[in-house]
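Please read it beside the sequence and the coordinates.

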Amino acid sequence: MTDLSKLKILLVEDSPVSQRVVVRQLKNLGCEPDVATNGQEALALMAQANYTIVLLDCQMPVLDGYATVAAIRRLEGQNRQAVVIAMTANDVQGEQEKCLHAGMNDLLNKPFNEAQLVDKLKRWSHAWVCDAIAPPETEPVTETAGVVTPELATRVGLDLDRFQRITRGNGVFQQQVLQLFLQDTRKNVSLAKAAVLAQDFKTLEHKAHQIKGASANVGVKVIQNLAERMEKQIQQRSWEEITTGITEIEQALNEIDSLIAA
């Protein structure tokens with residue numbers, strides 16, 4: 001088996017939930033990634049180290065993924081070294097072409113599993129002995145105390161298959177992921193409320209996108225669907241429907257919280 005710890009990976013992701021999930025996936029593969037929460041932090045880290053692969057979220061504050069990769073390529077000049085793989089929850093036609101045109105090498109649609117991550121890393125990490133890497137999906141899921149039951153998953157609208165894969169059935173990690181998801185999503189909901197009052201469309205769009213991405217990563221389908229609907233309502237400037245959607249997301253969060261605590 002190839003020593004994956006030799007890979008130098010930079011994860012650029014502003015969502016704490018998505019950070020936690022992807023870092024766990026990478027550590028399951030033997031990698032120890034560095035983490036940046038926005039493009040400016042990523043550029044600062046890249047000035048200090050040579051990274052084999054950069055996993056780059058497209059939608060971020062301060063400096064988004066498209067502006068970040070443009071800056072990376074300008075810094076590299078003709079000696080392009082880092083492989084940049086975009087991560088996006090925007091599953092729309094033309095997204096891959098947009099990423100490639102911006103200077104990225106490839107794209108991962110959120111939410112992705114370990115097998116999809118391995119496929120991209122194998123494709124771009126030429127130092128790997130690719131045939132020696134077995135897909136992680138074949139590994140058994142070890143159930144421990146505190147694992148979310150099918151009944152609970154149904155009641156909170158959780159994609160249990162997705163959730164078991166990203167946590168590998170580890171009850172402690174499941175609790176950590178759910179608590180972090182609730183905490184982070186509540187913060188984004190509060191910021192979305194403030195953006196509605198200020199009629200700040202840019203912030204509102206970003207918060208809806210963050211809520212959608214984190215929900216998709218964890219597998220909380222009910223909130224993912226509400227956030228997707230809110231994104232469309234934002235485009236239509238439907239203020240009353242946006243406010244209703246935020247309230248529905250809050251109610252779903254409260255229900256999840258109460259069921260987990262029960």
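Gln199 is found in the loop between H8 and H9, where helices (H or I, at least four residues) and strands (E, at least two) are DSSP runs numbered from the N terminus. The phi of Gln199 is near 50 degrees, a positive value in a residue other than glycine. This is a predicted model, in which local features need pLDDT of at least 70 and side-chain atom pairs count only at pLDDT 80 or more, while totals for chains, interfaces and linings use all residues. Residues are numbered from 1 along each chain as its sequence is written, and side-chain values use heavy atoms, with hydrogens and water left out.

**Backbone geometry**

- Most residues other than glycine have a negative phi, and most peptide bonds are trans.
- Arg237, which is not a glycine, has a positive phi of about 55 degrees, and it is found in the loop between H10 and helix H11 (239-261).
- Lys110 and Pro111 are joined by a cis peptide bond with an omega of about -5 degrees, and Pro111 lies in the loop between E5 and helix H5 (114-124).

**The sheet**

- An open sheet is formed by 5 strands in the order E2-E1-E3-E4-E5, with parallel pairing, where two strands pair if DSSP finds at least two bridges between them.
- Strand E2 (34-36) and strand E5 (106-109) stand at the edges with a single partner strand each, so one side of each is left without a neighbour in the sheet.
- On average, and with direction ignored, neighbouring strands of this sheet are turned by 20 degrees against each other.
- Strand E3 (residues 53-57) pairs with strand E4 (residues 83-88) in the parallel sense over 5 bridges, and the bridge partner of Ile53 in E4 is Val83.
- H1 packs on the sheet and touches strand E1 (9-12), E2 and E3, its direction making about 165 degrees with that of E1; contact means heavy atoms within 4.5 Å.
- Helix H2 (residues 39-46) also packs on the sheet, touching E1, E2 and E3, and its direction makes about 165 degrees with that of E1.

**Packing of H1 on H8**

- Helix H1 (residues 16-28) and helix H8 (residues 171-198) pack at an angle of about 155 degrees with their axes 8 Å apart; axes are lines fitted to C-alpha atoms, for helices over the stretch in contact, and angles run from 0 to 180 degrees between N-to-C directions.
- H1 and H8 are therefore roughly antiparallel to each other, on a scale where angles under 35 degrees count as roughly parallel, over 145 as roughly antiparallel, 65 to 115 as roughly perpendicular and the rest as oblique.
- From H1, the residues Pro16, Val17, Arg20 and Arg24 meet Phe173, Gln176, Val177, Leu180, Phe181 and Asp184 in H8.
- The contact of H1 with H8 has 6 nonpolar, 1 polar and 3 charged residues, with Ala, Val, Leu, Ile, Met, Phe, Trp, Tyr, Cys and Pro counted as nonpolar, Asp, Glu, Lys and Arg as charged, and the others, Gly among them, as polar.

**The largest pocket**

- On a 1 Å grid over the protein atoms alone, a cavity is a set of points where a 1.4 Å probe fits but cannot get out, and a pocket is an open set with protein on both sides within 12 Å along at least five of seven lines; lining residues have an atom within 4 Å of a point.
- The largest pocket holds about 480 Å³ of space, where grid points are joined across faces, edges and corners and a volume is the space filled by probe spheres set on the points.
- Its lining consists of 20 residues, of which Gln59, Lys202, Glu205, His206 and His209 lie nearest the centre.
- Helix H9 (201-218) and helix H10 (221-235) each supply at least two residues of this lining, and H9 gives the most, with 7 residues.
- By class, the pocket lining has 7 nonpolar, 6 polar and 7 charged residues.

**The cavities**

- The structure holds 2 cavities of 30 Å³ or more, and the largest cavity has a volume of about 70 Å³.
- The largest cavity is lined by 13 residues, of which Glu13, Asp57, Lys110, His209 and Gln210 are the closest to its centre.
- The largest share of that lining, 5 residues, comes from H9.
- The second largest cavity has a volume of about 50 Å³, and its lining divides into 8 nonpolar, no polar and no charged residues.
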